[in-house]
Amino acid sequence: MSETNELYQQVILDHNRKPRNFKVLEQPTREQMGHNPLCGDELTIYLELEGDLIRDITFQGSGCAISKASASMMTVSVKGKTLAEAETLFREFHQMVKGELDPETAPNHLGRLTILAGVREFPARVKCASLAWHTLHAALEGKSDPLLIKE
Ligand code: ZN
């Protein structure tokens, strides 16, 4: 196993065991549910927005280790960011897991999220990793219907 794969495994295990920001927000500005029927991952994202800023973000739900770890890492990455910065991260993350952006060669803002680039090698897992991000994207667009990942 390569060093990258080992790190990938460790980070996923760690976030799965101790998910960050794993709670319900009592009075969220926005609340969005996301569902990945292929794997059975379900989560709800709670956002507290203040003007253009993501003041707080939490999530709840159940699913596989990758979906949970990715949601946990997503909340850590976008907390305190502006809506535009969060949208940029969404776009870059999505491109990375689909193999369209190589974080080692292309300029990006992903930081620690690049650890999840390993998911590219497991096409069935890409939807698990991107569920939280698609759900965040829908929440930022002000959608209220539950989001179903199909693509
Ligand atoms: Zn999954």
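Is Phe22 buried, partly exposed or exposed, and what is its relative accessible area? Phe22 is partly exposed, with a relative accessible area of 32%; here buried means under 20%, exposed over 50% and partly exposed in between, with a 1.4 Å probe and protein chains only. Some notes to go with the structure follow.

1. A word on the basis. This is a predicted model, in which local features need pLDDT of at least 70 and side-chain atom pairs count only at pLDDT 80 or more, while totals for chains, interfaces and linings use all residues. Residues are numbered from 1 along each chain as its sequence is written, and side-chain values use heavy atoms, with hydrogens and water left out.

2. The zinc site. Cys39 (SG), Asp41 (OD), Asp41 (OD), Cys64 (SG) and Cys128 (SG) are the protein donors of the zinc ion, at 2.2 to 2.6 Å. Donors are N, O and S atoms within 2.8 Å of the metal (3.2 Å for Na, K and Ca); water is not among the atoms, so sites may look incomplete. Along the sequence, the donor residues follow the spacing C-x1-D-x22-C-x63-C. Asp41 in strand β2 (residues 41–50) and Cys64 in the loop between β3 (53–62) and α2 (65–78) link distant parts of the chain, 23 residues apart. Asp41 and Cys64 are both buried. Helices (H or I, at least four residues) and strands (E, at least two) are DSSP runs, numbered from the N terminus.

3. Aromatic pairs. There are two of them, counting rings of Phe, Tyr and Trp (its six-membered ring) with centres within 6.5 Å; planes under 30 degrees apart are stacked, over 60 edge-to-face and the rest tilted. Phe22 and Phe59 have ring centres 5.0 Å apart and planes at 65°, so this pair is edge-to-face. Phe22 sits in the loop between α1 (3–17) and β1 (30–36) and Phe59 in strand β3, so the pair ties together parts 37 residues apart in sequence. Phe59 is buried, at 2% relative accessible area. Phe93 and Trp133 are stacked, with 5.1 Å centre to centre and 20° between the planes. Phe93 belongs to helix α3 (residues 83–97) and Trp133 to helix α4 (residues 123–140), so this pair ties together parts 40 residues apart in sequence. Phe93 is buried at 0%, and Trp133 is buried at 1%.

4. A charge over a ring. Phe22 also has the charged end of Lys68 over its ring, 5.2 Å from the centre. The rule asks for NZ of Lys or CZ of Arg within 6 Å of the ring centre and within 35 degrees of the ring normal.

5. Ser77. This residue is in helix α2 and is buried, with a relative accessible area of 15%. Leaving aside neighbours within four places in sequence, Ser77 is in contact (heavy atoms within 4.5 Å) with Leu89, Leu113 and Trp133.

6. Salt bridges. The count is four, a salt bridge being a side-chain nitrogen of Lys or Arg within 4 Å of a carboxyl oxygen of Asp or Glu. Glu50 and Arg55 meet at 2.4 Å, N to O; Glu50 is partly exposed at 44%, and Arg55 is partly exposed at 45%. Lys79 and Asp56 meet at 3.2 Å, N to O. Lys79 lies in the loop between α2 and α3 and Asp56 in strand β3, so the pair ties together parts 23 residues apart in sequence. Asp56 is buried at 14%, whereas Lys79 is partly exposed at 35%. Asp14, Lys18 and Arg20 are linked in a network of salt bridges.
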